[in-house]
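Take a look at the sequence and the model, then read on.

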Amino acid sequence: MNSRPASAAARTVDDYRDGIEQLLRPLAARPVESVAVPAALGRKLAADVRSPIDLPVFRNSAMDGYAVRADDVAVAPVTLPLAGVVAAGQPGRAPLPVGAALKVMTGAPIPPGADCVVPVEDARVDGGGAVTVERGRSAGEFVREPGTDVRAGALLVPAGVALTPRHIAALAAVGVPSVPVFQPVRAAVITTGDELVPAGRPLRPGQIYNSNGIALAAALAANGATVVSVEHSTDDPAVFRRLLSSATRSADLVFTSGGVSKGDFEVVKDVLAAHGGLFGSVAVQPGGPQGLTVLDGVPVLSFPGNPVSTMVSFEVFARPILRHLSGLPPVRTSQVTLCEAVRSPAGRRQFLRGRLTADGVEPFSGAGSHLIAGMAWADVLIDIPAETTELAAGAPVLVHEL
């Protein structure tokens, strides 16, 4: 955040998000490590992986049935002697005799000479070791040829992809034992406030449960980061400084919540401003007060403490760049129709919680930054431009998938 007088206009959402992305972009150059394929789920691939083998490796049957020559079954029905049975996993055999059939299971090798497979549904086994083919097949039917899925040396999974179960399946199928992946972004979370207590403890007057630490940790993990610590600080600056020092030693990125506004006990702003942290307003609702610091070479993103402000701040400012760093697809956006009229404060870009329906999107819960329970029912954020003060039912709006 650029230094500016407190009376200066608030930064736009796009300007502030661009600043965060520029600050975090160097995290793309994280160390690379080799990880066994079964343990690589969700990791960002650091280099192209090419198939070491053809797939399929050998000619095999796509069906349980009978390997034959197409010419021998061109006129059906026809009865052919059975030359034997081959199950999947058995080695190949001698060429198929002319005018004979070989019973094969799905995945079993196709013998030389056979050029199609007659499914069991189209054949009838007669007594005396013969089979009657009741429907002819053309050459190539139900035969899997080597390399028809992927050729040896062909690109299998490109660099930059976050590995999903389908990628893991393909890598395992060609026998790749391990892959080079970037180490995940290591993130630490520090919540602040004397009023916060952990779940399971009875609330005393003036206390609330600490949801932000758990929520931020979950959001980070869901977007490819590894959470190395989740701590809570009181409003004592010494406690916050100690936790912050520990966090910057173990993490690539630190998130704080609370203590960034204009009150008397703003521990985050008071401590980090003395270390060059820049605090001010962004023209957004919820989540206006924001802070950005680089401490010991580690970026520290400071969000306001109201639960919805914290979560919306993460969604708007941190989630896009974290997904990019982790190789995950961008947050999905779409234009839909408002189900009911909305109002928005002038000069602030508002992100309303909304729920998609068959008719469009309906705002859910109010605009208040404390209404966290309503966030659980929302599946999108409704993006209301800063210059818009009201929209009628039926108006098109941009929504961001949660």
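Predicted model: local features only at pLDDT ≥ 70, side-chain atom pairs only at ≥ 80, totals over all residues.

## A helix with a hidden side

Helix α2 (residues 165–173) has H167, I168 and L171 as its buried residues. Looking down the axis of α2, those buried residues fall within an arc of 100°, so they line one face of the helix.

Residues are numbered from 1 along each chain as its sequence is written, and side-chain values use heavy atoms, with hydrogens and water left out.

As for the words, buried means under 20% relative accessible area, exposed means over 50%, and partly exposed is in between (1.4 Å probe, protein chains only). Helices (H or I, at least four residues) and strands (E, at least two) are DSSP runs, numbered from the N terminus. Contact means heavy atoms within 4.5 Å.

Back to α2. On its other side, P165 and R166 are exposed. What do the buried residues of α2 pack against? They meet β2 (49–50), β11 (155–157) and β12 (178–182). Just after α2 comes G175, with a positive phi of about 80°.

## Two helices that meet α6

Now for helix α6 (residues 307–326). Its axis and that of helix α3 (residues 212–222) come within 10 Å and cross at roughly 20°. That makes α3 roughly parallel to α6; angles under 35 degrees count as roughly parallel, over 145 as roughly antiparallel, 65 to 115 as roughly perpendicular and the rest as oblique. Axes here are lines fitted to C-alpha atoms, for helices over the stretch in contact, and angles run from 0 to 180 degrees between N-to-C directions.

The crossing of α3 past α6 is right-handed. A crossing gets that label if the near helix is turned clockwise from the far one by less than a right angle, and is left-handed if anticlockwise. On the α3 side, the contact is made by N212, A215, L216, A219, L220 and A222, while α6 brings P307, T310, M311, F314, L322 and R323. Sorted by class, the contact of α3 with α6 has nine nonpolar residues, two polar and one charged. For these classes, Ala, Val, Leu, Ile, Met, Phe, Trp, Tyr, Cys and Pro count as nonpolar, Asp, Glu, Lys and Arg as charged, and the others, Gly among them, as polar.

Helix α1 (residues 13–24) packs with α6 too, at an angle of about 35° and with the axes 9 Å apart. The crossing of α1 and α6 is right-handed. Here V13, Y16, R17, I20, E21 and L24 of α1 meet V316, F317, P320, I321 and L325 of α6. The contact of α1 with α6 counts nine nonpolar, no polar and two charged residues.

| Where | Backbone feature | Angle |
|---|---|---|
| L55 to P56 | cis peptide bond | omega near -5° |
| A76 to P77 | cis peptide bond | omega about 5° |
| F142 | positive phi, not a glycine | about 60° |
| D296 | positive phi, not a glycine | about 55° |

P56 sits in the loop between β2 and β3 (60–61), and P77 in the loop between β4 (65–68) and β5 (78–86). F142 belongs to the loop between β9 (130–133) and β10 (143–144) and is partly exposed, with a relative accessible area of 26%. D296 lies in the loop between β20 (289–295) and β21 (298–303).

Is D296 buried or exposed? With a relative accessible area of 62%, D296 is exposed.

## Residues that reach across the sequence

D252, in the loop between α4 (237–250) and β17 (253–257), counts as buried at 16% relative accessibility. Leaving out neighbours within four places in sequence, D252 is in contact with L27, P184, V185, R186, V298 and P299.

G136 lies in the loop between β9 and β10. G136 and D72 are 64 residues apart in sequence, and their C-alpha atoms are 8.6 Å apart in space. Not counting residues up to four places away in sequence, G136 touches V73 and A76.

Methods
Arc of directions from axis to C-beta.
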